[in-house]
Amino acid sequence: MSRLYAHHNSSSLSEQAESKVLILYTGGTIGMKKTERGYEPYPNYLANSLKSLPMLHDPNYDQELFSPPDNLESLIFSIYGCRVIYCVMEYEPLMDSSDMSMDVWAKIAMDIRKYYEIFDGFVILHGTDTMAYTSSALSFMLEDLGKSIILTGAQVPIYEQRSDGRENLLGALIIAGHYVIPEVTLYFDHKLYRGNRVIKDNNREFNAFQSPNFAPLANVGIDIEVQWSSIFRSGKLQKFHIYTSMSSNVGILRLFPGITAETIRTFLLPPMEGVILLSYGSGNAPSRFPNIINEFRKACDRGVLILNISQCCRGFVDDSYMVGKILTNVGIIPGADMTPEAALTKMSYLLGRDDLDLATKRRMLKENLRGELTVRLSWKESEFINSVAQALKATSIKEIDTIQSMLFPVLLCSAAAVGNVSSLKTLTEQGANVNSCDYDGRTPLHLASYEGHVEAVRFLLEKGASVFSRDRLHRTPYIDALLNSQAEVVKILKISGAHLHIGGEEITFYLNNLIEENNVKSLKLWEEAGVDLNLKGSDFRTPLHTVCHFLD
Ligand SMILES: NC(=O)C[C@H](N)C(=O)O
């Protein structure tokens, strides 16, 4: 767990840290207006109104530092030592989320890919009714994410005197602007949830969502407390990419006492390809009606994928009961503790993947792809931490947790700085979080990248280290590797999705330093990373001017 670290403010380059966030505004109550037909989304209404809300826009800030793409207008506010510059991209038509379709999920995914390298984080404004479906679907469609994607909305429109929309939007923007939480999440009523773990369970209160089987990733109270050890990391040396083809031949079948074999047979007929079975209790179905079980068997034999999750929103499916085992025996796949929204969109995503065969899809339905289900592991004790705890006579779990959270970051950073992969391995096996940082905000990946420890870099990336973490001086591991001419590390980080996130002013600052050091090797690497060596600083001087200056 960590608190908002944004109090580390100034750097030698700019007085304040700065983040750019893109809002994709799809509709929902947050931007609706009351008309004679009822609440309706209104084009061009939300973005204009945001400008008049001082908590969400301060016109006195200089916005010249960022020129938004595609003529988008930028708004800006500053909080916790960080300027959050954001743009609103409004969808056409704006919709109540009950009208949401899989095509819109694909559009959102494509827009995130289009603007991925321009913005540091993304907020999706969405109606609450189907928000849990969209957040679940996007969690599968967006793979190897390195940036924060946050859905939010409101129960009451943002312009009404009492509205949860202002707080929800502000909270989502602060989190997207300050943290790298590389997941699709949903922010509502002061809590940040994993997007594929939520259900909408309340349509009258501000706490509209619940995450029944997985604790929130962050709680926003007086402090913002992020549970860093719970954040899902892809752990693959791959750049962010998207899948947009989703199968709509999917459905949800809820068992009820008295359901007939005929109903089940009709439901499972072609073109149905994948079904989420909402069974009883811990995954049980009627066992004394062979006709019913027979319909399931016939469908499984035809290649229909059937995933078993429980009607109980808490708990998980296992086959401890005879009546549950029957389903597994006919070929139905146990779905652990997935929500119906996650199970349905996972099914739709896997069926849409033409590159996978049926056996792989079956296997992947059971696996944890994006943190959507709980894998039950045996708990491994940390011997080192236990010995320290014993020496300090600490015995309670709380005390041991505290010792652990104090020691792991230091040990990891020391191991990374000298490229000691076996220590990194031991520490991560004992539960150390690869994204924890030292007092300068430097993560193990910063240290290993700067020092050029290629194997350590690879190991950390495979364990889910973020290429976008920034240290106290706002430097990422990529900048560290570039500055210290670590060509091999630059290559690996690039494959993993790293890119330059800084503006021309900062780039010229670094280039001038490299020229002063006569560091041609590093200058070449910067050029390979896509930096224009004719770039002009705010004084209109190019790097060549600086070279000439040093020749004088
Ligand atoms: N609170 C809301 O946003 C509900 C609205 N009907 C929607 O889902 O778009």
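Visitor: Hi! How far apart are the end C-alpha atoms of residues 440-472?
Guide: They lie 5 Å apart, and the span is 52% helix and 0% strand. Helices here are DSSP runs of H or I with at least four residues, strands are E runs of at least two, and both are numbered from the N terminus. This is a predicted model, where local features need pLDDT of at least 70 and side-chain atom pairs count only at pLDDT 80 or more, while totals for chains, interfaces and linings use all residues. Residues are numbered from 1 along each chain as its sequence is written.

Visitor: New topic: how is the chain divided into domains?
Guide: Into domain 1 (2-242), domain 2 (250-366) and domain 3 (383-502), with bounds from an automatic or database domain assignment. The C-alpha centres of domain 1 and domain 2 lie 33 Å apart.

Visitor: How many residues of domain 1 are in contact with domain 2?
Guide: 11 residues of domain 1 are in contact with nine of domain 2, where contact means C-beta atoms, placed from the backbone, within 7 Å. On the domain 1 side, helix H3 (residues 131-141) gives the largest share, six residues.

Visitor: Which residues touch the most others in the largest nonpolar core?
Guide: Val21, Phe122, Val123, Ile175, Leu307 and Met347 do, in a core of 98 residues. At least three residues come from each of domain 1 and domain 2. A nonpolar core is a set of buried Ala, Val, Leu, Ile, Met, Phe, Trp, Tyr and Cys residues joined through C-beta atoms within 7 Å. In soluble globular proteins, nonpolar side chains tend to be buried together.

Visitor: Which residues sit around the ligand?
Guide: Gly27, Gly28, Thr29, Asp96, Ser97, Ser98, Gly127, Thr128, Asp129, Gly153 and Gln155. Being around it means having a C-beta atom, placed from the backbone, within 6 Å of it.

Visitor: Where does UniProt put the "binding site"?
Guide: At Ser97, Thr128 and Asp129, again from an unreviewed entry. They span 33 residues in sequence, yet no two of their C-alpha atoms are more than 6.9 Å apart, so they gather at one spot.

Visitor: Is Ser97 buried or exposed?
Guide: Ser97 counts as buried because it has 22 C-beta neighbours inside 10 Å. Ser97 lies in the loop between strand S6 (82-95) and helix H2 (102-115). Thr128 is buried too, with 24 other C-beta atoms within 10 Å, and lies in the loop between strand S7 (121-125) and H3.

Visitor: Last one: which residues does the cis peptide bond with omega about 0° join?
Guide: Glu92 and Pro93, and Pro93 is found in strand S6. The bond from Pro270 to Pro271 is also cis, with omega near 10°.

How values were computed
Buried ≥ 20, exposed ≤ 12 C-beta atoms within 10 Å, placed from the backbone. Contact = placed C-beta atoms within 7 Å. UniProt positions renumbered as here; feature names shortened; annotations may be inferred.
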